[in-house]
Amino acid sequence: MLAFMLWFFSLACLDLRLFQESILYTTTLGGFIDAFIPLMIIMPMGPLLYFYIRASLEPDFRLRPYRKHFYSVLLDVLPQIAAVIYIGGILIGLIKKAIPMDYYRDVYNIYVDIPRWLSLTIYLWLSARYLAAFPSTASAGGVETENRVTLRWLRQFVRVFLVFQFIWLLYLIPYVIPRYSNRLLQLVDWYPVFIPLAVLIYWLGIKALLVTYNLPVVIRKTTGSTAAIPADVVQQTIAALKKAMEQETLYLDPSLNLTGLSRHTGIAPKTISAVLNQHLHTSFNEFVNEYRIREFKKRVVAADLQHLTMTGIAFDCGFNSQPTFQRTFKQLTGMSPSEYRKSVIEKQE
């Protein structure tokens with residue numbers, strides 16, 4: 001996700017540079033690139049930033065359920081889609097009269113910067129709120145050092161982006177006002193945004209690389225191994241996890257994740273993950289889904305639930321995906337849900 005962020009920012013820098021050199025308007029190749037290849041892709045940046053932060057702190061985080069956050073990229077590629085439709089309409093004879101597409105595209109590109117800025121700002125706010133609520137230390141050994149290093153980097157990451165957003169806002173306000181737009185470009189061009197953006201790209205790449213390489217060193221220096229979790233911490237963690245599942249039935253919540261369980265139990269995510277992996281020999285998803293399968297097996301044969309579909313029962317038990325439910329059930333029982341239900345009913349008869 002960070003690589004995609006750097007790629008999109010680099011494309012934006014390239015677009016600004018080509019605009020400054022008028023390459024997009026004075027050469028055939030430049031005109032083709034400007035019309036059909038989207039270089040200014042900004043709308044996915046906010047979601048990428050937010051989910052990069054979550055993925056850095058949640059070992060079991062998966063991006064797939066959040067794909068709808070990236071649908072806004074349509075705002076970035078709409079001019080290119082319009083150009084394809086326009087050229088296609090001319091070729092097949094549907095469009096007879098010339099349309100000033102360049103003018104409409106230029107106006108569109110000015111005002112689409114408003115939702116771009118708002119999107120990135122909103123996701124920055126969500127990221128800052130997420131980091132503020134995240135536990136800053138863990139309960140055992142060197143895990144707390146790793147957690148602290150990661151949090152420090154991510155908070156710095158957000159602060160730097162906020163500075164860039166402020167600079168962009170100062171430029172954006174006069175830029176979207178027609179009477180000042182051309183005057184602004186003639187006076188300072190895109191340099192007030194271009195230079196901070198270039199600095200941000202280099203800083204992100206170098207800083208993220210250093211943090212990634214330094215984390216294993218930090219862990220080795222403090223503990224030598226992540227396996228050295230004190231026995232009392234392991235017992236307390238296992239007891240808290242079982243209580244959360246068996247007594248408080250947290251597994252019924254389809255949105256339950258490692259961070260949510262951490263906040264509920266007061267135990268750091270890294271500690272929960274380490275205990276599950278090293279002492280219970282399972283992952284977070286496998287641990288939770290096993291309780292959901294147990295609940296499903298109890299409910300599926302209940303007389304008052306016979307009118308419900310198996311998918312409906314599975315969703316009531318905490319699953320939010322039918323393929324995940326089918327796969328998990330098969331792995332744990334060796335049969336499909338329908339086969340299991342049929343076998344139980346036959347035994348009862």
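Modeller: Ala, Val, Leu, Ile, Met, Phe, Trp, Tyr, Cys and Pro count as nonpolar, Asp, Glu, Lys and Arg as charged, and the others, Gly among them, as polar. Please note that this is a predicted model.

Biologist: With those classes, how does the lining of the second largest pocket divide?

Modeller: The lining of the second largest pocket has 27 nonpolar, four polar and seven charged residues. The volume of this pocket is about 750 Å³. It is lined by 38 residues, and Asp 15, Asn 109, Ile 110, Tyr 175 and Trp 190 are the closest to its centre.

Biologist: Which helix gives the largest share of that lining?

Modeller: Helix α6, residues 101–111, gives the largest share of the lining of the second largest pocket, with seven residues.

Biologist: And how much space lies in the largest pocket?

Modeller: The largest pocket holds about 1100 Å³ of space. Its lining consists of 34 residues, of which Arg 62, Pro 65, Asn 285, Asn 320 and Thr 324 are the closest to the centre.

Biologist: Which elements give two or more residues to the lining of the largest pocket?

Modeller: Those elements are α12 (258–265), α14 and α16 (322–333). The largest share, seven residues, is from α14. By class, the lining of the largest pocket has eleven nonpolar, 13 polar and ten charged residues.

Biologist: Staying with α14, how do the axes of α11 and α14 cross?

Modeller: The axes of helix α11 (residues 231–247) and helix α14 (residues 284–299) cross at roughly 30 degrees and come within 11 Å. The two helices α11 and α14 are therefore roughly parallel to each other, since angles under 35 degrees count as such. The crossing in which α11 passes α14 is right-handed.

Biologist: Which residues meet there?

Modeller: From α11, Leu 241, Lys 242, Met 245 and Glu 246 meet Phe 287, Val 288 and Tyr 291 of α14. In this contact of α11 with α14, five residues are nonpolar, none is polar and two are charged.

Biologist: What about α12 and α13?

Modeller: The axes of α12 and helix α13 (residues 269–278) come within 9 Å, crossing at roughly 105 degrees. That angle makes α12 roughly perpendicular to α13. On the α12 side, the contact involves Leu 258, Leu 261, Ser 262 and Thr 265, and on the α13 side Pro 269, Ile 272 and Ser 273. The contact of α12 with α13 has four nonpolar, three polar and no charged residues.

Biologist: Turning to the backbone, what is the phi of Asp 189, and where is its place?

Modeller: Asp 189 is not a glycine, yet it has a positive phi of about 55 degrees. Asp 189 is in the loop between α9 (178–188) and α10 (191–222).

Biologist: And what is the phi of Thr 249?

Modeller: Thr 249, a residue other than glycine, has a positive phi near 45 degrees. Thr 249 lies in the loop between α11 and α12.

Terms used: Residues are numbered from 1 along each chain as its sequence is written. This is a predicted model: local features need pLDDT of at least 70, side-chain atom pairs count only at pLDDT 80 or more; totals for chains, interfaces and linings use all residues. Side-chain values use heavy atoms; hydrogens and water are left out. Axes are lines fitted to C-alpha atoms, for helices over the stretch in contact, and angles run from 0 to 180 degrees between N-to-C directions. Helices (H or I, at least four residues) and strands (E, at least two) are DSSP runs, numbered from the N terminus. Angles under 35 degrees count as roughly parallel, over 145 as roughly antiparallel, 65 to 115 as roughly perpendicular and the rest as oblique. A crossing is left-handed if the near helix is turned anticlockwise from the far one by less than a right angle, and right-handed if clockwise. Contact means heavy atoms within 4.5 Å. On a 1 Å grid over the protein atoms alone, a cavity is a set of points where a 1.4 Å probe fits but cannot get out, and a pocket is an open set with protein on both sides within 12 Å along at least five of seven lines; lining residues have an atom within 4 Å of a point. Grid points are joined across faces, edges and corners, and a volume is the space filled by probe spheres set on the points.
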